[in-house]
Amino acid sequence: MEEKGVDGRVVKRLDSERSSNSMNRQRFGEVSGVLSIEEFFEDQEVPPWRKQLTFRAFFVSFWLSILFSFIVMKLNLTTGIIPSLNVSAGLLGFFFVKSWTKFLERSGLLRQPFTRQENTVIQTCVVASSGIAFSGGFGSYLFGMSERIAHRSSGSKDFKDPSLGWIIGFLFVVSFLGLFSVVPLRKIMVVDFKLTYPSGTATAHLINSFHTPRGAALAKKQVRLLGRFFSLSFLWGFFQWFFQAADGCGFAHFPTFGLQARANRFYFDFSATYIGVGMICPHIINVSVLVGGIISWGIMWPLIENKKGQWFSEKLSSDDLSGLEGYKVFIAIAIILGDGLYNFFKVLTRTLSGLFSQLQHKREAEDFSLGSSSRSEFSYDDERRKQLFLKDQIPIWFAIGGYVVIAAVSINTLPHIFPQLKWYYILVIYVFAPILAFCNAYGCGLTDWSLASTYGKLAIFTIGAWAGPLHGGVIAGLAACGVMMNIVSTASDLMQDFKTGYLTLASPRSMFVSQVVGTTMGCIISPCVFWLFYKAFDDLGLRTGQYPAPNAVLFRNMSVLGVEGLSSLPKNCLTFCYVFFATAILVNLIKDLIPKKWARFIPLPMAMALPFYLGPYFAIDMSLGSLILFVWQKLNKTKADAFGPAVASGLICGDGIWMLPYSILALAEVKPPMCMKFLSRATNARVDKFLGS
């Protein structure tokens with residue numbers, strides 16, 4: 001009852017502000033006569049935080065979470081490149097609930113209209129849930145613990161195979177700490193420092209636009225186009241299935257540029273998913289991946305393979321890390337570590353300098369307000385947003401108490417799941433985790449760049465080296481990586497959501513609850529989706545398979561390096577690693593020093609590293625998607641900007657949801673009826689001779 005009274009007073013105060021709207025515009029400098037965002041919505045009452053959390057919002061979020069978990073899981077297990085799916089989540093959430101409310105309105109049963117605050121709750125819940133598919137490590141540290149990945153790495157004796165029970169338990173004890181670690185800082189980050197959080201801001205503008213008449217009409221067209229390409233992508237995946245009766249069959253193995261190029265991973269595999277990913281990712285990402293593939297598989301690996309017998313034994317298998325495979329894995333790791341280290345210090349420097357300047361600015365502003373009676377100027381939007389954002393406080397005791405309780409449970413539970421991860425390792429992580437979570441959340445607010453995987457790699461090397469080779473250091477390092485990644489990733493995600501809520505007038509309490517509910521969904525949905533992949537596809541984790549899980553191999557070998565050192569590398573591999581490590585730092589440094597108009601043409605080392613191990617085939621798909629969008633923008637930039645993300649989302653979602661029936665068919669051992677395979681002339685001649693005889 002007391003809370004309703006508080007809400008009533010706020011609404012009443014806002015009503016009195018509406019009556020003096022023209023005076024407000026003059027006072028706040030908005031004399032143009034054009035309504036600001038919050039003036040446009042001022043006739044719509046902001047529901048209390050509990051009413052923003054509706055059954056229909058969580059019902060829609062649940063089904064969308066399943067869809068996006070399949071998408072993220074497929075991307076995780078194929079290349080590890082995951083684009084932002086915020087537009088898709090916001091658009092589909094708006095479409096489904098809007099359709100629901102329209103039906104109820106026509107039936108006369110509608111009790112509560114669909115608001116932008118409820119839309120924000122859906123967005124937050126879906127992104128939190130599908131985010132667990134990434135931070136849960138199903139394509140990196142967690143799957144890297146398995147025996148299947150261990151056999152592809154050195155240090156293969158130390159492994160822990162996936163099991164649905166311990167995975168769910170692990171995620172539940174590590175995925176919520178990050179939420180409590182940054183809750184007390186929400187006012188400082190969003191209101192005082194006014195950090196941008198570009199993704200959160202863009203999402204808020206998208207949601208605000210959906211709830212205007214013009215934006216709703218555009219959203220309707222976008223959803224219609226998304227649906228068409230969703231159907232096309234789904235049916236294309238179904239059509240391809242008929243030709244995949246055996247390994248190496250089907251359109252995914254089409255030798256687009258010839259069989260020799262196909263042997264070096266240069267081919268177009270007709271993947272609707274990665275064409276869509278290429279349309280969403282910036283052009284420079286797609287170019288970087290393609291350049292990395294050309295340098296590695298087009299130049300370096302053929303040259304190093306000619307050194308067989310000199311640099312490494314001719315008798316080694318193709319996946320032995322003492323041979324060519326070792327160069328592929330460890331050079332890729334060197335580039336990733338060089339890029340990650342540079343960006344870690346770059347973001348940390350910006351974070352500390354930005355924090356210092358913000359504190360200095362705040363101190364000067366306080367001194368000025370004490371020495372002057374004049375009122376500081378804020379826009380009407382800022383006034384209203386700040387008022388509602390600070391209304392629903394989340395008590396500091398609740399955040400600190402929640403962190404301590406969950407940390408205590410986690411410290412007692414994790415050693416039972418991973419005996420190699422001692423309780424004092426976890427205690428040290430939890431002491432430093434809030435500081436690192438703050439740095440990641442603050443840096444993300446400045447640059448829109450979450451360094452969760454970089455902090456995870458830091459934990460791999462520190463905890464792995466601490467544990468050592470005799471006490472399961474490889475598994476301890478990977479498990480510590482999971483703990484750290486989950487904390488810093490969820491912390492930056494929550495702060496992005498607070499920014500989105502601030503700009504859409506969604507309550508911080510509803511944002512926090514939505515994040516908790518979404519994380520809970522993700523802790524169950526993501527392991528189940530991974531388990532479906534794990535049981536359905538026997539080639540999961542194999543380099544030549546459909547789902548090679550490249551990051552799982554890379555993360556495990558990072559842990560091996562941290563524990564065992566560099567003694568197991570093949571000849572001259574360490575020299576190559578030093579060169580590419582330094583090159584990654586140098587390229588980043590040049591990119592930051594030269595003017596932006598030239599820097600935008602310099603490839604990104606992190607993106608270049610991925611095809612070093614995996615091959616350039618997916619880069620060709622992404623480059624095609626990028627080319628389609630580029631030509632579309634040249635022909636009609638307005639339409640391309642408005643409908644490009646919808647087309648890309650349709651391609652990704654359709655191919656992603658096809659994985660559900662595809663996995664079920666694989667589990668039921670239903671085989672495709674035919675195999676379409678492309679053979680060399682010599683092989684064809686032998687087949688003809690055999691058939692002729």
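A cavity is defined here, on a 1 Å grid over the protein atoms alone, as a set of points where a 1.4 Å probe fits but cannot get out, and its lining residues have an atom within 4 Å of a point. The structure is a predicted model, in which local features need pLDDT of at least 70 and side-chain atom pairs count only at pLDDT 80 or more, while totals for chains, interfaces and linings use all residues. Residues are numbered from 1 along each chain as its sequence is written, and side-chain values use heavy atoms, with hydrogens and water left out.

The protein chain contains 31 helices and 0 strands, where helices (H or I, at least four residues) and strands (E, at least two) are DSSP runs numbered from the N terminus. Of its 693 residues, 54% are buried, that is, under 20% relative accessible area with a 1.4 Å probe and protein chains only. Contacts (heavy atoms within 4.5 Å) with a separation of 6 or more come to 83% from residues 24 or more positions apart.

The largest cavity holds about 50 Å³. Its lining comprises Phe 41, Gln 44, Glu 45, Val 46, Pro 47, Arg 116, Gln 117, Arg 384 and Leu 505. By class, this lining has 4 nonpolar, 2 polar and 3 charged residues; Ala, Val, Leu, Ile, Met, Phe, Trp, Tyr, Cys and Pro count as nonpolar, Asp, Glu, Lys and Arg as charged, and the others, Gly among them, as polar.

The second largest cavity has a volume of about 40 Å³. Helices H7 (116-135), H23 (473-504) and H24 (508-536) each supply at least two residues of its lining, and H7 gives the most, with 4 residues. The lining residues, among them Ala 128, Ser 489 and Gln 515, divide into 2 nonpolar, 6 polar and 1 charged.

Helix H6 (residues 86-107) has 22 residues and reaches 32 Å from its first C-alpha to its last, close to the 32 Å expected from 1.5 Å times one less than the number of residues. The buried residues of H6, including Asn 86, Leu 91, Phe 94 and Leu 104, pack against H5 (55-78), H7, H13 (198-210), H14 (213-241) and H30 (637-667). H6 is followed by Gly 108, whose phi is positive, near 75°.

Technical notes. 1 Å grid on protein atoms, 1.4 Å probe; cavity = no way out; pocket = protein on both sides within 12 Å on 5 of 7 lines; lining within 4 Å. Points joined across faces, edges and corners; volume = space filled by probe spheres on them. Buried < 20%, exposed > 50% of the residue type's maximum accessible area, 1.4 Å probe, protein only.
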